[in-house]
Amino acid sequence: MNKFDLISIFPEYFEPLELSLIGKAKKSGLVDISVHNLRDQADDNHHTVDDTPYGGGAGMVMLPEPWGAAIDAIASNVDQIYDLIVLTPAGEKFSQSMAEELALCDNLIFACGRYEGIDIRVTDFYRTQKNFRVREISIGDYVLNGGEVATLVIMEAIIRLIPGVIGNPASLEEESHSLRDENGSLVEYPSYTKPANWRGLEVPPVLLSGNHGEIARWRAEAASARTAELRNRTRE
Ligand code: 6GU
């Protein structure tokens, strides 16, 4: 079973994991999710988890000691491989192919930093541990206040790929970003449902024709036009 251990100073951020498909996957035992409060590992009365940066500068840096203690407490089985995901805007950009890889991992630990990040020696140290794989991941080129929301995004992308979580696995096969060409991932064709005319906007007649060959051709063309348009708009 896929195990997720989340470390944060704001465990309440993860309450939405009780909802919808992820909540169901949790209740039916398809995934095991544990949330850990980093402050429980702070060794002073004030439960301090940060301090000023060496070398000066703005903001605070998270102390390595509580992080090391929290990760060691989770990764207590020396026979297991642990994938430590460190959420940071300086990380590798998250993608569907990364979600597919992570869905195969047995023990995922998400380290949700805040402030100016976690003392880099935490990632440096776990990279030297033979039962750890460490990845620094970002969800996009913008800055969040911490890794918690990024963790929710990544977990949702992973958990829906776990066999049994989605009722009809065929719905995973053709969806946006699961297919690629030489220029990157493809997006899906647009969808329509009832009514056939809504506010004067008609459903393309081919979709009402019952001709499955024609429909497949129309959808392939619509998907490729939509992908080309998206790539034009997002070209840097
Ligand atoms: Cl993973 N963390 C933070 N703090 N900001 C981000 C991010 C992560 N990904 C994009 N921006």
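Which strand gives the largest share of the shell around the ligand? That is β5, with 3 residues. Strands here are DSSP runs of E of at least two residues, numbered from the N terminus.

Some ground rules. This is a predicted model, in which local features need pLDDT of at least 70 and side-chain atom pairs count only at pLDDT 80 or more, while totals for chains, interfaces and linings use all residues. Residues are numbered from 1 along each chain as its sequence is written, and side-chain values use heavy atoms, with hydrogens and water left out.

Back to the shell. The residues surrounding the ligand include L87, T88, P89, S138, Y142 and L144. Both β5 (82-93) and β7 (132-138) supply at least two shell residues each. By class, the shell holds 7 nonpolar, 4 polar and no charged residues; Ala, Val, Leu, Ile, Met, Phe, Trp, Tyr, Cys and Pro count as nonpolar, Asp, Glu, Lys and Arg as charged, and the others, Gly among them, as polar.

Now the polar contacts, meaning pairs of N or O atoms within 3.5 Å. A ligand nitrogen is 2.6 Å from a backbone N or O atom of Y142. For L144, a backbone N or O atom lies 3.1 Å from a ligand nitrogen. With S138, a side-chain N or O atom is 3.4 Å from a nitrogen of the ligand. Of the 290 Å² of accessible area that the ligand has on its own, the protein covers 96%, by the Shrake-Rupley method with a 1.4 Å probe.

Notes:
Near = heavy atom within 4 Å. Polar contact = N/O pair within 3.5 Å; in protein donor to acceptor, adjacent residues only side chain to side chain. Helix = DSSP H or I, 4+ residues; strand = E, 2+ residues; numbered from the N terminus.
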